[in-house]
Amino acid sequence: MPSGQGAGTNPIHNKKPKKKPVEEDDETDKAYKLKQAADKKANDELRKKAAGQKGPLASGGIKKSGKK
């Protein structure tokens with residue numbers, strides 16, 4: 001039997017994954033996250049408002065004449 005099989009003693013496979021250190025956010029990261037949250041909230045509100053409307057979003061546009 002090759003070494004390390006069956007007994008679970010192979011040190012390569014018994015290593016625990018290393019924990020990554022928790023990085024502190026600096027002020028620019030915090031500001032960016034706050035801006036993203038505010039933008040998402042605004043977009044959600046606009047979607048809810050647009051979902052409640054019926055008909056075309058704009059009343060203008062190309063108008064057809066009565067002639068053929």
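Aspartate 44 and arginine 47 sit 3 residues apart in helix α1, about one turn of the helix. Their side chains form a salt bridge (a side-chain nitrogen of Lys or Arg within 4 Å of a carboxyl oxygen of Asp or Glu), with the closest N and O atoms 3.5 Å apart. This is a predicted model, in which local features need pLDDT of at least 70, side-chain atom pairs count only at pLDDT 80 or more, and totals for chains, interfaces and linings use all residues. Residues are numbered from 1 along each chain as its sequence is written, and side-chain values use heavy atoms, with hydrogens and water left out.

**Salt bridges**
- The whole structure contains 2 salt bridges.
- Aspartate 39 and lysine 35 form a salt bridge with an N to O distance of 3.8 Å.
- Aspartate 39 and lysine 35 are 4 residues apart in helix α1 (residues 27–52), so about one helical turn separates them.

**Exposure of the paired residues**
- Aspartate 44 is partly exposed at 31% relative accessible area, where buried means under 20%, exposed over 50% and partly exposed in between (1.4 Å probe, protein chains only).
- Arginine 47 is exposed, at 58%.
- Aspartate 39 is partly exposed, at 36% relative accessibility.

**Helix and chain**
- The chain has 1 helix and 0 strands; helices (H or I, at least four residues) and strands (E, at least two) are DSSP runs, numbered from the N terminus.
- From first C-alpha to last, the 26 residues of α1 reach 38 Å, close to the expected 38 Å, which is 1.5 Å times one less than the number of residues.
- Helix α1 is hardly covered, with 0 buried residues among its 26.
- Across the 68 residues of the chain, 0% count as buried.
- The accessible surface of the chain is about 7,600 Å², with 56% belonging to carbon and sulfur atoms; accessible areas come from the Shrake-Rupley method with a 1.4 Å probe, and for residues only the protein chains shown count as cover.
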